Amino acid sequence: MNSDFGCDILVLKSLKKGFKETDKLTFLICLILSAIGVVMVASTTHRTLSDGEWISRDAKVMILALILGTVACLVISYIDYDLIFKLWPIVVAASLFLMFLLFTPLAISPEGRDDATSWLKITSKLYFQPSEILKIAFIITFSYHLGKVKKNISSLKNVALLCLHAAIPIGLVVVTGDMGSALIFALMFIGMMFAAGLHWLYFPAGLLAVAAVSPVVWYKVFDDIQRNRILALINPEAYSTEIYQQQHAAVAMQEGGFFGTGLFKGPYTQSTYVPEIENDMIFSAICEEAGFVGAFILLLLFLFLAVRIIKVGKNSQNFSALMLCYGVMFMIVAQVVVNIGMCTMLLPVIGITLPFISAGGSSTICLYLAIGLVMSVYRSSQGIGYDDYRYARIARRYD
């Protein structure tokens, strides 16, 4: 009895010490972003409320996803990231299994499209996007891969193998019709290769290769909808249907001015003027209801988060851990840039949400899984040795 009590005390002490060594700043920035997201989703879906309702289903899903995501984030932060690297076969198997389910009757098409099956139907009202988990798996495995070849990363053999590594998840999401996720994977791949120190001559060579295959991609990979969305940016008058959402989002952004119209008071946000404003176009709602000041603060928060993640990686003194942090940072930054590019009509609509802000449960949960990895790297750099947690069986000793 006394032995059990003593063991419990050790567990409590180790957990208490573990909390002290938690990366509270990164976690706090993410929580602030999520709080903004919940409020904005509640505002953009306020018009859909029935009598007696005080919060929309989308906002409820965001809150539930936030709770599940933060719990998962904290649990992962207690696990030695080196152990996660060594479990990469399990990570790959789980993510590929979910992706292959998209080729079964469980898969559904977003927005009623028959050519894109990127979601899994969990229940009649709950859906999950496996490509979000695949992003996390790619960050883990690619970081580990880069760590193994870091001294000879620029050799032709290693570059070919790294390109093959990235081509597998990109190809999978392309087959499902999710071109937006394919773009994010490609940007993550390029960013991580650059951060890993790949010789600069490979980048112009890669650009030439992309240019060479672009006609094939245009005619054989893109469908009519995707081609028209790109052409709409060049000739809006000829593609009024495809450009409709972006043009209306731009008008809503201009309406906000410097300080915005106020939450739940945006005339365009509180109507059906901008389709899918709670998802792809939520940045336009922020600009309308919070104005330039609100949008600027939001971008500053994303900047602080990106800088913080890289700082955690650089403090780790481990190349694979640094690449992992770069991977998470590039994933978040790429989505922010692409999403805002869509809202400002600089990029075509390709279904990329604004991290932590747009409506969506699977995106929120997976973002916090990624942040949990970063927090695990932070914990290991604090010199706590992970053996402090062996009594709780939360993580193995870090060597």
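Predicted model: local features only at pLDDT ≥ 70, side-chain atom pairs only at ≥ 80, totals over all residues.

User: Are α6 and α7 roughly parallel or antiparallel to each other?

Analyst: Helix α6 (residues 130-149) and α7 pack at an angle of about 175°, and their axes lie 11 Å apart. Angles over 145 degrees count as roughly antiparallel. The two helices, α6 and α7, are therefore roughly antiparallel.

User: How many charged residues are in the contact of α6 with α7?

Analyst: On the α6 side the contact includes Leu134, Phe138 and His145, while α7 brings in residues including Asn158, Leu161 and His165. By class there are ten nonpolar and five polar residues, and the number of charged ones is: no charged residues.

User: What is the handedness of the crossing of α7 and α8?

Analyst: Helix α7 (residues 156-175) and helix α8 (residues 179-195) pack at about 165°, with 8 Å between their axes. That angle makes α7 roughly antiparallel to α8. As for handedness, the crossing of α7 and α8 is right-handed.

User: How many nonpolar residues does the contact of α7 with α8 have?

Analyst: Among the α7 residues in this contact are Leu162, Ile170 and Val174, and α8 contributes residues including Phe185, Phe189 and Met193. The contact of α7 with α8 has one polar and no charged residues, and the nonpolar ones number 13.

User: At which residue does α9 bend?

Analyst: A straight helix of 20 residues would span 28 Å, but α9 (residues 202-221) spans only 25 Å between its end C-alpha atoms. Helix α9 has a bend of about 45°, with Pro215 following within four residues, and the bend is at Val213.

Conventions. Residues numbered from 1 in each chain as written. Heavy atoms only, no water. Expected span 1.5 Å × (residues − 1). Bend = angle between axes of the 7 residues up to and from the residue. Axes fitted to C-alpha atoms, helices over the stretch in contact; angles between N-to-C directions. Parallel < 35°, antiparallel > 145°, perpendicular 65-115°, else oblique. Left-handed = near helix turned anticlockwise from the far one by under 90°. Contact = heavy atoms within 4.5 Å. Nonpolar A, V, L, I, M, F, W, Y, C, P; charged D, E, K, R; others polar.
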